[in-house]
Amino acid sequence: METFEAIRTRRSTRIFTQDPVTEDSLGKIIAAGRFAPCGGNNQTTHLIIIRNRQILDELSVIVRDAFAKMEVQPDTYKSLKASINASKNGNYTFHYNAPVLIIAANKIAYGNAMADCACAIENMMLEANELDLGSCWINQLHWLDNNPEVRAYMSKLGLADDETICASMALGRAATNDNLPIRTERAITGNPLTLVD
């Protein structure tokens, strides 16, 4: 798959099989994240890769409980509102039961923390698409970065005290008829473009 084809056909996957991601594929995806551009070549993006089902389930409960305690406000971002409402109903798994969750963290006071992590996640999502795997950007741990229960659990998984969770991604084989990610090209209805000659 050529680079532009991987970009053009990458779509979010939210239903996964429980098939494990092969070591070879996971290695390539992680390498793609580690080769991502970063400000000043700092290379401070910390990737935490979770494949243990018990840990994924425990983290999901902590996240659901944290969102269930929150209240929706009139200006609450629509995805955050959906997470809160689903959690209050008791039926919410933020990582879509994917067999792999990759968390990207960076230094709290570092001005390029989010940008560097975003580059790493995008690289990994494109590599996943090339390898016929599905992926989905996950914001929920970023939204709960200051939650004491989430922080305490994440510290057990290797998150340092001076790190902030910027993003994460679900990864696995898509639960489609052919186990390939859906690759329908989306219509561009936004993202304005101004050309200055």
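D132 lies in the loop between α5 and β3, where helices (H or I, at least four residues) and strands (E, at least two) are DSSP runs numbered from the N terminus. The model is a predicted one, in which local features need pLDDT of at least 70 and side-chain atom pairs count only at pLDDT 80 or more, while totals for chains, interfaces and linings use all residues. Residues are numbered from 1 along each chain as its sequence is written, and side-chain values use heavy atoms, with hydrogens and water left out.

D132 follows α5. Its phi is near 65 degrees, a positive value in a residue other than glycine. D132 counts as partly exposed because its relative accessibility is 29%; buried means under 20% relative accessible area, exposed over 50%, and partly exposed in between, with a 1.4 Å probe and protein chains only. N179, in the segment after β4, is not a glycine either and has a positive phi of about 60 degrees. At 26% relative accessibility, N179 also counts as partly exposed.

The chain as a whole comes next. It holds 7 helices and 4 strands, and from the N terminus on the order of elements is α-α-β-α-α-β-α-β-α-α-β. The C-alpha trace spans about 45 × 45 × 40 Å along its principal axes. A compact globule of 197 residues would have a radius of gyration near 16 Å, and the 17 Å of the chain agrees with this; the radius is taken over C-alpha atoms, and the globule rule is 2.2 Å times the number of residues to the power 0.38. Of the 197 residues, 42% are buried. The chain exposes about 11,000 Å², of which carbon and sulfur atoms supply 50%; these areas come from the Shrake-Rupley method with a 1.4 Å probe, and for residues only the protein chains shown count as cover. Among contacts (heavy atoms within 4.5 Å) between residues at least 6 apart in sequence, 81% join residues at least 24 apart.

S135 gives one example of such contacts across the sequence. S135 is placed in strand β3 and, at 2% relative accessibility, counts as buried. Leaving aside neighbours within four places in sequence, S135 is in contact with R11, S12, T13, F16, M125, A128, M169 and A170.

M125 and A128 are also among the buried residues of α5, which include A113, D116, C117 and A120 as well. The 18 residues of α5 should span 26 Å at 1.5 Å a residue, and its end C-alpha atoms are 26 Å apart, which agrees; the expected span is 1.5 Å times one less than the number of residues. The cover over the buried residues of α5 includes α1 (3-9), α2, β1, β2, β3 and β4.

Helix α2 (residues 23-34) has 12 residues and reaches 16 Å from its first C-alpha to its last, close to the 16 Å expected. Its buried residues are S25, L26, I29, I30, A32 and G33. Seen down the axis of α2, the buried residues fall within an arc of 155 degrees, so they line one face of the helix; the arc is that of the directions from the helix axis to the C-beta atoms. An α-helix has 3.6 residues a turn, so residues three or four places apart point the same way. The face of α2 turned away from its buried side carries the exposed residues E23, D24 and R34. Among the elements covering the buried residues of α2 are β1, β2, α5 (113-130) and β4.

The interior can also be described by its nonpolar cores, each a set of buried Ala, Val, Leu, Ile, Met, Phe, Trp, Tyr and Cys residues joined through side-chain atoms within 4.5 Å. The largest has 28 residues, and those with the most contacts inside it are L59, F94, L101, I103, L141 and M154. At least two residues of this core come from each of β1 (46-50), α3 (53-68), α4 (78-88), β2 (100-107), β3 (134-138), α7 (148-156) and β4 (163-172). The largest share, 6 residues, comes from α3. A second, separate core of 20 residues includes L47, V100, A104 and C117.
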